[in-house]
Amino acid sequence: MLTPPDPFWLRAMQLADIPAVREVDRLSFPTPARAGLFEHELDGNKIAHYQVLGVAETIIGFAGFWLIADEVHVSTIATHPTWRGRGLGELLLLNLLFQAYTLPATMVTLEVRHSNKVAQALYHKYQFAEVGSRPRYYRDTGEDALLMTVPLLNARYHQFLENQQVKLLQRLQSEA
Ligand SMILES: CC(C)(COP(=O)(O)OP(=O)(O)OC[C@H]1O[C@@H](n2cnc3c(N)ncnc32)[C@H](O)[C@@H]1OP(=O)(O)O)[C@@H](O)C(=O)NCCC(=O)NCCS
């Protein structure tokens, strides 16, 4: 787990975090996670790994992934709207990528709404490539999903992550 500068912190999600996580989730997605989903992910899904991001006493973001064979699939990532645009979504993604790298997973995949240009920009920044599309993947709006992946197991990408970490932690430190 990365250690961001004070007052931010990252750790594994716990059951007691779920009410705060659900609030960020509700503010972040067109259709919030169904009741009981996070409880199941933490207690009943052995392949699931979830992290929370906090500032002081408050949870302001979270991310989750499933390890399927040797691939990591990002299941969710969100920051509280009040805290967006400060590098914190990037912190959650970078932390997830380091976790994936050390498992070790060979690649990371995810789905993102075609209209979600902000999230796509974040994934492009981390060298995810668009490899396909899943028609009408999102049942709430009928929107297509863009499938994006990045291969992990190469030294150059690991060096890129290390460099990004230095830059991002400096940014968070200077803006804290
Ligand atoms: C996607 C999300 C997690 C990004 O978090 P964030 O804290 O706002 O993002 P950051 O400040 O860390 O920005 C990281 C990068 O994202 C992209 N980005 C962030 N805000 C952006 C904006 N308004 N316009 C375009 N790109 C943007 C940029 O590439 C940015 O890098 P930069 O700082 O070098 O420009 C956040 O917007 C969110 O929770 N959205 C709702 C939930 C969601 O859509 N999750 C993704 C599901 S696939």
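This is a predicted model: local features need pLDDT of at least 70, side-chain atom pairs count only at pLDDT 80 or more; totals for chains, interfaces and linings use all residues.
Local features are given where pLDDT is at least 70, side-chain atom pairs count only at pLDDT 80 or more, and totals for chains, interfaces and linings use all residues. Residues are numbered from 1 along each chain as its sequence is written.

Helices (H or I, at least four residues) and strands (E, at least two) are DSSP runs, numbered from the N terminus. Two strands count as paired if DSSP finds at least two bridges between them. On that basis, seven strands make an open sheet of mixed pairing, in the order β1-β2-β3-β4-β5-β7-β6. β1 (8-12) and β6 (129-134) are at the edges with a single partner strand each, so one side of each has no neighbour in the sheet. From one strand to the next the twist averages 25°; axes are lines fitted to C-alpha atoms, for helices over the stretch in contact, and angles run from 0 to 180 degrees between N-to-C directions.

Within the sheet, β2 (residues 48-55) and β3 (residues 58-68) run antiparallel and are joined by eight bridges. H49 is opposite F65 in β3. Helix α1 (residues 18-28) packs on the sheet, where it touches β2, β3 and β4 (71-79), and its direction makes about 85° with that of β3. Contact here requires C-beta atoms, placed from the backbone, within 7 Å.

Leaving aside residues up to four places away in sequence, I60 touches V24, L53, G54, V55, T79, H80, W83 and L88. Of these, T79 is 19 residues apart from I60 along the chain, with 5.8 Å between their C-alpha atoms.

Helix α4 (residues 117-125) lies across β5 (107-113) and β7 (145-151) and runs at about 160° to β5. α4 also gives the largest share of the shell around the ligand, five residues. β4, α3 (88-102) and α4 each supply at least two. There are 19 residues around the ligand, of which R84, G89, E90, A121 and L122 come nearest; a residue is near if its C-beta atom, placed from the backbone, lies within 6 Å.

Helix α5 (residues 155-175) has 21 residues and reaches 30 Å from its first C-alpha to its last, close to the 30 Å expected, which is 1.5 Å times one less than its number of residues. The count of buried residues in α5 is zero.

Terms used:
Two residues are in contact if their C-beta atoms, placed from the backbone, lie within 7 Å. A residue is buried if 20 or more other C-beta atoms lie within 10 Å of its own, exposed if 12 or fewer, and partly exposed in between; C-beta atoms are placed from the backbone.
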